[in-house]
Structure formats: structure tokens, C-alpha cells
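This report looks at one helix and at a set of charged side-chain pairs. The sequence and structure come first.

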Amino acid sequence: MEQKLTVDIEGLSGFIPTEEIMAYAARSSMHLDELSSGTGKGNDFLGWINLPRTIIPELGKIEACASRLRTLTEATVVIGIGGSYLGSRAIIEALSDSFAACAKGGHKVLFAGQNLCSDYMSELLSLLDNLNYSIIVISKSGTTTEPAVAFRLLKAHLEAAVGKESASRRIVAVTDRSRGALRKMADTEGYETFTIPDDVGGRYSVLTSVGLLPLAVAGIDIHELVNGAASMHSTTVHNHDPGTNPALIYAAARNLLYREGKKIEIMVNYTPKLHFVAEWWKQLYGESEGKEGKGIFPASVDNTSDLHSMGQYIQEGERHIFETVMSVMKSRKKILIPATPGNEDNLNFLAGKTVAFVNEAAERGTRKAHIEGGVPNIRIGIPELNEFSLGELMFMFEIACGISGYLLDVNPFDQPGVEAYKKAMFSLLGKPV
């Protein structure tokens, strides 16, 4: 039986009474009902809630396409920005070898369209000169500037390398069912296509083909990922008991802290493999909550590295912050620290202990020091880094984000502020009206 993900609020007891958090979480279950019944704000974008069930019939087609690309080419470039790439990159980084230049299974998965840096694109094109590659382009409209520019460049590069007809077999479009520039191009050029559901916003789309197709190409077990999400769906969506619903506890705790003046939430990890999970989380919460002059600012640190930089501020800086620690309870690999005859570094007391043991002590010690320094701590216990646990974690964050947005009385499923930068940029670029 799979060990379950947990949310531990013991690190808040010196700041907010546990019974107050539990009572607020129980009252917050009304917003859980709004999500499950579709009666809250943004209810036309709630298709993600049932994805652990509704996506299952599509998994075979996704895996067949992934198998075709893996057989045909040695690398795949995933073009997308925001929710169109962060979910898949987060899971690939979490489950792949840290030093391999390729994802699990030997197929390289590269990313483009998430920035407008000419050096990045030039270096990618130079790398692709020596690779037999395919493209997955992800865009609802096909006109979002960053991925659209990247696709123009990469499409031309691929067609020049293998010819237009062969390139069309190596390009897969994930886009709108019937509308938009990318849909029109895909139909004209004969690309294989997958549909972005109308009722799922980008940042909630990791369990659609947006996230699952790149993951399958990378050799990730998408069935286990969906199984983990399904398990968390059963634990959260219709569960009003704060004692057994981690999404309720997390949403309630962070909003009570916000009311107490804790305006910044720092997502902490103690393994670099979770760096992009924090990046995905930052988009999910920043874009969902940051509206109408409200919202907790989502930040992140990678420990223990950042204990030697941001650690000073967290320990003694302004007390407007709280931490949520993603704590992996079981490492996949075991490595022992050796003894040295001279003990020049005075670390022989660690001889025979594992690196994971030392890392765990650093995590527990840091949490203790930060709590004593006035920083409330929430701990999310992740059994181990695998597809099932990541499915649980990401779905829990999504449910909690919906509840949290409703607690702030904002629509957690739109992003009106995103258009402001586009308008200003297009004006400077001279885009025709």
C-alpha cells in the first residue's frame, strides 16, 4: 500500500493555535463544495478537478504518440511557456538523473519557447544541428509570443534538416480543439494533434496531454502519475474532515498566516530535484491569487544551498514570511560518508552515516532555528520521489489553490493581469492593431 502525502502544521503552534487552524479549515470546506459542484468563481475552468478519471481513456493515444517520437528521433523539443511547460519539466527534473544529458529512457527532452533570449535559442539550434529531433508545440492560440517565435525558428530549422514532409511527421501540436493559429497550421500541415480542454486553464493542465505527452516521451510512467492524482482526488475533493484532508489544512493555514501579516510564502526543498516543482507551484499560486491587491507572494529556496545566501534573511530579516517545506522522507539512493585517517576536517563523527541522514538533520535543525527565529513552518511530507507521490503532491496543491483563492474572494482560474505586459510590449514592437 502506498504511503500517503501529509501536511504537518506543528511548526505553526507557536504562532496560531492548532484548534483555530482546524476550525478555520472545517469552515473552508464550503469552498471545497464550490469547487466540486462548480458554483464558485471561474466555474467554467474546473475541468481539471476530474482529470484523474477523465484523462484515462486518452493515455493509450498519448503513449502511442510518445513511442512513435522516441522510435523516430533521439530528442524532442517541447515548446511552451507557463503552464504549457512547467508541469512536465518539474516532473522530468524530479525523476531524472541529475547529471544525465537526457531524461529517463535515453531520449533527450529539451525546452524552448519559455523565454525570448537570443543566446538560449542560438545555443539550442546549434545543439540541434547534431541531433535527430522532433517537436511538441503547446499553445491554445498559437499566437503567444514566446512559443510562437520559438516554433517559427525550430520549424524552419527542422524542415531545412529533413524536408517539409518528414518534418510534419516529427511535429505534434497540442492546441485548441477547433480554433486558433496553431490548430489551423496543424490541420494544413498534417501534424498529429492533441486537444487542450476548453475548461482547463494552463496552470492546471499538467494532467492533460499538455503535461502527459512530454512526460511519456521522457519515459515517465504517466499511469502512476495519474494514479497518485486519483488517490489525492479521493482524499480531498469530497472530504470535509480537516484531519484527513491535506488540501483543506494547507489552504486554511496559509490564509490564516496571511491575515496575521505573513505576506510571503517561501517554498523550501532539500533536494535540487524539486527546484522546478517549486517553479510550477509559484506559477500556480502567483497567477491564481495575485489579484485585486490581494495574495500571498510565492517565493522559493533550494536548501541547503540557499542556507548560505537567503538563510540569513529568513533567520533574521523582516518577519513577513512563512515557510512551506517539501520534505522527501525516503531517498532513492544510499551513499555512506567514509572515515579518513587524519580527520583533518573533524567530520569522522559522521563516518558510516548516510548523506541523506545529514541532509535530514540539516532540514530538522533549520526548521527549528527558523521557527525560533519567528518564521512559521508548514511541512509537506512526501513519501519518496516517484510518479505516484508527485501526482499526489501536484493535485493537492491544485485543490488547495482553488480553496485558497476562494478564501481570498478572488477568481483563482483567470489571469487578467498577464495581458498588461503583452499590450505594452506589442506597442513597443509596432504590432498592427
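The text below covers helix geometry, then salt bridges.

The model is predicted. Helix H3 takes in residues 59-72, and at 1.5 Å a residue its 14 residues should span 20 Å; the C-alpha atoms at its ends are 20 Å apart, which agrees. Leu59, Ile62, Cys65, Ala66 and Leu69 are the buried residues of H3. Viewed down the helix axis, these buried residues fall within an arc of 130°, so they line one face of H3.

Side chains of opposite charge can pair when their charged atoms come close.

| Pair | N to O distance | Relative accessible area |
|---|---|---|
| arginine 68 and glutamate 192 | 3.0 Å | arginine 68: 29%; glutamate 192: 25% |
| lysine 282 and glutamate 279 | 2.9 Å | lysine 282: 23%; glutamate 279: 23% |
| glutamate 360 and arginine 364 | 3.7 Å | glutamate 360: 42%; arginine 364: 48% |

Arginine 68 forms a salt bridge with glutamate 192. Arginine 68 belongs to helix H3 and glutamate 192 to strand E6 (residues 192-195), so this pair ties together parts that are 124 residues apart in sequence.

The other two pairs each lie within a helix. Lysine 282 and glutamate 279 are three residues apart in helix H12 (residues 275-289), a separation of about one helical turn. Glutamate 360 and arginine 364 are four residues apart in helix H14 (residues 355-372), again about one helical turn. Elsewhere, salt bridges with shared partners join Lys140, Asp176, Arg179 and Asp198 into one network.

Key. Residues numbered from 1 in each chain as written. Predicted model: local features only at pLDDT ≥ 70, side-chain atom pairs only at ≥ 80, totals over all residues. Heavy atoms only, no water. Expected span 1.5 Å × (residues − 1). Buried < 20%, exposed > 50% of the residue type's maximum accessible area, 1.4 Å probe, protein only. Arc of directions from axis to C-beta. Salt bridge = Lys/Arg side-chain N within 4 Å of Asp/Glu carboxyl O.
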